[in-house]
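Q: I have just opened this entry and would like a guided look at it. Could we go through it step by step?
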Amino acid sequence: MIENLLPNVDWEKMWEATLETLYMSAMATGFTFVIGLVLGILLFLTSPHQLWANKIVYWLTGAFVNIFRSIPFIILIILLIPFTKLLLDTIRGANAALPALIIGAAPFYARMVLIALREIDKGVIEAARSMGAKTTTIIWKVLLPESLPALLSGLTVTAVALVGYTAMAGIIGAGGLGNLAFLDGFQRSREDVTIVSTILILIIVFIIQWIGDAITSKADKR
Amino acid sequence: MIQLQNLSKTFITSNGQLIAVDDVNLTVEQGEIFGIIGYSGAGKSTLIRLLNGLEKPTSGSVTVNGQEISSSSGQALRSARQKVSMIFQHFNLLWSRTVEDNISFPLEIAGISKTKRIERVKELIELVGLTGREKAYPSQLSGGQKQRVGIARALANNPEVLLCDEATSALDPETTDQILELLVDINKRLGLTIVLITHEMHVIRKICHRVAVMEAGKVVEMGSVLEIFQTPQQDITKRFVAQVNGPEEASQTIAHLIEQYPFGKLVKLVFVGDRTEQPILSRLIKQYQVEVNIVQGNITQTQNGAYGTLYLQIDGDTLAINQAIDYLHEQEVHTEVISHD
């Protein structure tokens, strides 16, 4: 029955591509979380009237974030080919997609981190300072826990965007469901492959959103 | 305990310079509850933040317990802050932490071991009357309970000074009184020096020993609370005193009284301290052949003692009235005849 409806779908390939997409999304989300968090915290602390207020660092970080956030992802991949080659000695495969995915998504997440940190009540930071807290203590014990729900919901949005980015990365040979849909589905006119790949991507996105929402609401004690 | 010398703070804003604190000199004694009152924008928030180095002065110095806060920085300032703690109008608790974890926070900052932290948090929860609410999150507490957490948190590292930044301004009157009683209790039990800023005169009346009145960055009047209530000098101080005493001392009302009580003499008595507890009035009635009618009166309790104003109508034959008034003058009660004839 399924064979008749979807004659061209090779389930083994489909599963392999799904794993590749999951691998790329998970790795990229992990790195994006760490790098975006560092950039976001740096932006927050160096902004005017904050603990490390510093015009130069703030401007430079802001410029870096804005530039890489503004370049369309498909162009960013192409621009980063020499860098990827230098780093990994190849531009094919799931790992080769990671630098572009991370550099594309981290600035995006950094902006969301900045927004999340700005939502924190200034009085709470002042209270921590009045207790004699060091800036590192304020980062770990005030900024991160107090903005956790927003950091997590921002990460969910970023992870969903990254699934989309992996599909684009697939077109230039990174593998995954995007690659399968483009090469096997579109270029060989096998609509069933395209449709099944799309459905699998949708399922992945829905699961990420569902997990993200559940963790976010659990973290929120307000 | 706290010395402020020629303390000034100027902010540069887009509209030019703003002098928030202007050449303030004052001393707060050990164990005292010192109030600073002013309307919003008077500079009192900036002033209190200069006391723990959250703001740096433009000029002048702040010395707390021998340490010059205004010139400290880094580790020295952070250590000093553990001895000069602060509570806030909006409590500023971490919503992500439970009551006990919020109280534990300053102990974590001070590097206290976990077992000692648990012990100390338990003591503090009892001290501020929050037993049973240890595991609650701030969002599950009332305003008064949140401020109790704030106070427990501020006391965690056994500070020498407690700074209160409009600590009761967000609370209803009943809760305000409970929190103020808690502060007085802590002041007496722990010998803690308290500096509080407020725009509510009844807070000053209820718990402060001395008060400074601020206007446009300057301290315009300062003295014991009793003194300030009895003989306010500046217009702004008179307005604050009227907040508590009501407007009955206004001349208009006195004119009204004279109209209402046309016979005999209308006398205003001002009692201070011990005098409020002596039976001057009953002796007056027993010794002299006069009719005494209480027209209006109030007694205000302050931390330095009570003071009161009493308006009497004394009627009878002129000789008896004059003798009665002489008697009142002898009693060292401030007596003022405000009547006609």
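A: Let us begin with a term: two residues are in contact if their C-beta atoms, placed from the backbone, lie within 7 Å. Please also keep in mind that this is a predicted model.

Q: Which residues is B:Ser61 in contact with, leaving aside its neighbours within four places in sequence?
A: B:Ser61 is in contact with B:Gln5, B:Leu7, B:Glu68 and B:Ser70.

Q: What is the spacing between B:Ser61 and B:Leu7?
A: Along the sequence, B:Ser61 and B:Leu7 are 54 residues apart. In space, their C-alpha atoms are 5.8 Å apart.

Q: And where does B:Ser61 sit?
A: B:Ser61 is in strand β4 of chain B, which covers residues 59-64.

Q: Why does B:Ser61 count as partly exposed?
A: B:Ser61 counts as partly exposed because it has 15 C-beta neighbours inside 10 Å. A residue is buried at 20 or more such neighbours and exposed at 12 or fewer.

Q: Let us step back to chain B as a whole. How many helices and strands does it have?
A: Chain B has twelve helices and 14 strands. Its C-alpha atoms fill a box of roughly 80 × 50 × 35 Å along the principal axes. Of the 341 residues in chain B, 40% are buried.

Q: What share of the contacts in chain B joins residues at least 24 apart?
A: The share is 69%, taken among contacts between residues at least 6 apart in sequence.

Q: How is chain B divided into domains?
A: Domain 1 of chain B runs over 2-244, and domain 2 of chain B over 247-337. Their C-alpha centres lie 39 Å apart.

Q: How many residues of the two domains of chain B are in contact?
A: Twelve residues of domain 1 of chain B are in contact with nine residues of domain 2 of chain B. On the domain 1 side, α7 (201-207), α8 (225-230) and α9 (235-245) of chain B each supply at least two residues. The helix that gives the most to that side is α8(B), with four residues. By class, the domain 1 side has eight nonpolar residues, three polar and one charged.

Q: Now for strand β3 of chain B: is it enclosed or open?
A: Strand β3 of chain B (residues 33-37) has five of its five residues buried, so it is largely enclosed by the rest of the structure.

Q: Which way do the residues of β3(B) point?
A: B:Ile33, B:Gly35 and B:Ile37 point one way, whereas B:Phe34 and B:Ile36 point the other way. In a regular strand the side chains alternate between the two faces of the sheet.

Q: Which strands does β3(B) pair with?
A: β3(B) pairs with strand β8 of chain B (residues 193-198) in the parallel sense, over five bridges.

Q: What about the open sheet of four strands in chain B?
A: The order of that open sheet is β12-β13-β11-β14, and the pairing is antiparallel. Its edge strands, β12 (291-302) and β14 (334-337) of chain B, each pair on one side only. From one strand to the next, the twist averages 15 degrees.

Q: How many bridges join β11 and β14 of chain B?
A: Four bridges join β11 (residues 265-272) to β14(B). B:Lys268 stands opposite B:Glu336 in β14(B).

Q: Changing topic, how many residues of chain A are in contact with chain B?
A: 19 residues of chain A are in contact with 19 residues of chain B. On the chain A side, α7 (122-130) and α8 (135-174) of chain A each supply at least two residues. That side has seven nonpolar, four polar and eight charged residues.

Q: Finally, which residues touch the most other members of the largest nonpolar core?
A: This core has 143 residues, and those touching the most other members include A:Ala97, A:Ala105, B:Leu51 and B:Val195. Helix α6 of chain A (residues 94-118) gives the most to this core, with 17 residues. Domain 1 and domain 2 of chain B both give residues to this core, so it lies between them.

Q: What surrounds A:Ala105, beyond its neighbours within four places in sequence?
A: A:Ala105 is in contact with A:Ala28, A:Thr32, A:Thr158, A:Ala161, A:Leu162 and A:Tyr165.

Conventions: Residues numbered from 1 in each chain as written. Chains lettered and ligands numbered in written order. Predicted model: local features only at pLDDT ≥ 70, side-chain atom pairs only at ≥ 80, totals over all residues. Core = buried A, V, L, I, M, F, W, Y, C linked by C-beta atoms within 7 Å. Domains from an automatic or database assignment. Pairing = 2+ DSSP bridges. Axes fitted to C-alpha atoms, helices over the stretch in contact; angles between N-to-C directions. Nonpolar A, V, L, I, M, F, W, Y, C, P; charged D, E, K, R; others polar.
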